[in-house]
Amino acid sequence: MSRIYKVKKGDTLQLIAEKLQISVNDLRHYHNMRCELWELLEQKLTSKTERIIVPSEEELASLQGHQQAVQKELERPSRYLDKKFYAKDYKVKEVVITSDKEVKTDYSLSLQMEKAEKGWSMIVNTTYEEADTKFTELATACMQAMQPLRYHLSINGGITDIENHREIIERFAQKRIDIESYFEGELAKSYTDAFYEKLIDKEYILERLQMSFLNQVFFPRMEWFHKDNEKWEEEFCPVQGSAFIPYELEAEVVFEEEEIATTVMGELRRNYNLWDLMKGYDAIDECDFFRSNFKFTYKTDRKRICLNEIDAELFIQDDNFYKKHIISVIKKTSI
């Protein structure tokens with residue numbers, strides 16, 4: 001049953017709504033649906049406003065729950081990618097564990113995001129730290145020589161194109177001389193030749209960049225942040241250079257004190273042969289199939305609605321192969 005609130009000196013709609021822990025719009029709507037014509041509330045109280053019809057305790061609890069749900073929805077990342085989602089700088093730690101070795105790579109990402117037609121233009125500059133081995137150092141030097149990359153991002157999230165492919169080719173061509181001089185030897189020359197040959201094929205490079213575990217994790221579909229306790233199917237590439245195949249996904253969203261933790265879990269439900277997949281064949285194999293699952297947890301700031309942190313793990317195994325790929329991304333804080 002409705003109640004009557006008697007307006008006091010100094011009252012405003014905002015103050016009354018705050019006392020009731022509901023929104024001003026909910027308060028106005030509730031009153032206007034039940035009052036006399038001459039008592040209708042506008043945006044502000046007038047000197048003629050003597051009373052406001054307010055919800056009962058039971059109705060108030062319902063409206064407060066609605067208000068909390070609305071507020072939580074506003075604190076999530078948008079369903080469409082916007083500029084405030086990414087910070088300017090992130091620190092990345094990447095670990096690949098296989099049956100016989102473990103490789104660690106540390107690097108930093110510097111981002112510059114600009115509005116583009118039907119999406120965003122994102123300049124990504126990757127700075128690698130010291131490599132563990134000479135060969136890894138060579139591979140890292142070649143990757144570093146490509147920087148920066150300018151991606152086109154869909155408004156829904158995800159890389160759709162490379163906007164500076166020609167610049168990347170020219171930049172690498174200039175720097176490869178120094179790379180070959182530093183590393184010397186036939187192996188280094190063969191590696192840079194093969195790297196350049198693949199680099200000039202834009203379609204090939206774009207596909208490989210889209211397949212990389214980092215890019216699949218770091219540029220998620222924005223709708224993931226709104227799929228509380230839902231299940232759906234989506235394509236994912238478990239090994240760079242293989243193919244995108246369907247995984248069954250499930251999401252969980254937890255509202256923490258200052259952050260929202262969105263966890264996306266995926267599991268491969270169909271039987272693919274890993275080695276055939278890496279050769280470009282994605283036929284179902286009921287006998288020699290591999291198992292795979294992943295778990296990505298995104299932490300976003302509830303006030304700034306910015307990506308603070310990512311923890312991601314990918315697991316792959318068949319009878320002869322084991323791989324665990326781990327990525328940790330943390331936003332750099334300004335000093």
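I take strands (E, at least two residues) and helices (H or I, at least four) as DSSP runs numbered from the N terminus. The model is predicted, and I ask for pLDDT of at least 70 for local features and 80 or more for side-chain atom pairs, while totals for chains, interfaces and linings use all residues. Residues are numbered from 1 along each chain as its sequence is written, and side-chain values use heavy atoms, without hydrogens and water.

**Sheet.** I looked up the strand order and found an open sheet of 11 strands, E7-E6-E5-E4-E3-E13-E12-E11-E10-E9-E8, with antiparallel pairing; two strands pair if DSSP finds at least two bridges between them. Its edge strands are E7 and E8, each pairing on one side only. Within this sheet I followed E9 (residues 245-255), which pairs with E10 (residues 259-267) over eight bridges in the antiparallel sense, and I noted Glu 248 opposite Glu 267 in E10.

**Second largest pocket.** I then turned to this pocket, an open set of points on a 1 Å grid over the protein atoms alone, where a 1.4 Å probe fits, with protein on both sides within 12 Å along at least five of seven lines; its lining residues have an atom within 4 Å of a point. Its lining holds 20 residues, and Gly 158, Gln 216, Phe 219, Arg 221 and Phe 244 lie nearest the centre. Two or more lining residues come from each of E7 (159-162), helix H8 (213-218), E8 (231-236) and E11 (291-301), and E8 gives the most, with three.

**Largest pocket.** Here I recorded that helix H4 (residues 134-146) gives the most to the lining, with six residues.
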